Amino acid sequence: MTETTQRRNSAPGTAKQDAGTAPQGLRGDGTAPPETRGSTAIADTVVAKIAGMAAREIPEVHNLGGGMTRAFGAVRQRVPGGGTGVTQGVKVEVGERQAAVDLDVVVEYGAAIADTAADIRTNVINAVERMTGLEVVEVNIAVDDVHLPDEEEDEGESEQQGRRVA
């Protein structure tokens, strides 16, 4: 047996209203464009995550964050629920329509730092503006360190490996 349902043809804004009131969210005659029917607030952490991911996409970027920031990040990653550290080395200021980004970067040895900074800046601006619609007014980059090929990934990690507790 086939069930049929009847639907009334009532798209939003076309149904008759009691007492002459407009449907909620519409202004006046209901012709206001959708983008003007509310507001959007983007948190600083959202912009920081986008900027951090975009900076890490550049091959010459070894890591983000200064020495102490990276050390705390390594500890935070080992703690259950401590987070992934995507925003490590990223600071942002977000306004209603604009954002500013500060990055602390560690580059690979041999990379042209000026070219790498330009690549980071371009990638971060494109990603943040595309995903959030905010205008990025500046991306400040501080190169804190150069990662040498023979350096350990984490100096404290090699010490910890010998002292694991079950």
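## Packing of helices α1 and α3

In this predicted model, Val47, Ile50, Ala51, Ala54 and Ala55 of helix α1 meet Ile120, Asn123, Val124, Ala127, Val128, Met131 and Thr132 of helix α3, where contact means heavy atoms within 4.5 Å. The residues of this contact comprise 10 nonpolar, 2 polar and no charged; in that division Ala, Val, Leu, Ile, Met, Phe, Trp, Tyr, Cys and Pro count as nonpolar, Asp, Glu, Lys and Arg as charged, and the others, Gly among them, as polar.

Two packed helices are described by the angle between their axes and the distance between the axes. Helix α1 covers residues 44-56 and helix α3 residues 113-132, and their axes come within 8 Å and cross at roughly 140°; the axes are lines fitted to C-alpha atoms, for helices over the stretch in contact, with angles running from 0 to 180 degrees between N-to-C directions. The two helices are therefore oblique to each other, given that angles under 35 degrees count as roughly parallel, over 145 as roughly antiparallel, 65 to 115 as roughly perpendicular and the rest as oblique. The crossing of α1 and α3 is right-handed, a term used if the near helix is turned clockwise from the far one by less than a right angle, whereas anticlockwise is left-handed.

## Basis of the model and overall layout

Residues are numbered from 1 along each chain as its sequence is written, and side-chain values use heavy atoms, with hydrogens and water left out. Because the model is predicted, local features need pLDDT of at least 70 and side-chain atom pairs count only at pLDDT 80 or more, while totals for chains, interfaces and linings use all residues.

The chain has 4 helices and 4 strands, which follow one another from the N terminus as α-β-α-β-β-α-β-α; helices (H or I, at least four residues) and strands (E, at least two) are DSSP runs, numbered from the N terminus. Of its 166 residues, 25% count as buried, where buried means under 20% relative accessible area, exposed over 50% and partly exposed in between, with a 1.4 Å probe and protein chains only. Among contacts between residues at least 6 apart in sequence, 68% join residues at least 24 apart.

## Polar side chains in the strands

Aspartate 104 lies in strand β3, residues 98-108, and is buried at a relative accessible area of 17%. Its side chain is joined to that of lysine 91 by a polar contact of 3.5 Å, that is, a pair of N or O atoms within 3.5 Å of which, within protein, one must be able to donate a hydrogen and the other to accept it, residues adjacent in sequence counting only if both atoms are side-chain atoms. Beyond neighbours within four places in sequence, aspartate 104 is in contact with Asn63, Leu64, Gly65, Gly66, Gly89, Lys91, Ala142 and Asp144.

Histidine 147 is found in strand β4, residues 135-147, and is buried with a relative accessible area of 10%; a polar contact of 3.1 Å joins its side chain to that of glutamate 108. Asparagine 63, in strand β1 (residues 61-64), is partly exposed at 22% relative accessibility, and its C-alpha atom is separated by 8.8 Å from that of glutamate 108, 45 residues apart along the chain.

## Two loop positions

Glutamine 88 has its place in the loop between α2 (67-78) and β2 (90-94) and is buried, with a relative accessible area of 8%. The C-alpha atoms of glutamine 88 and glycine 52 are separated by 7.5 Å.

Alanine 112, in the loop between β3 and α3, counts as partly exposed at 41% relative accessibility.
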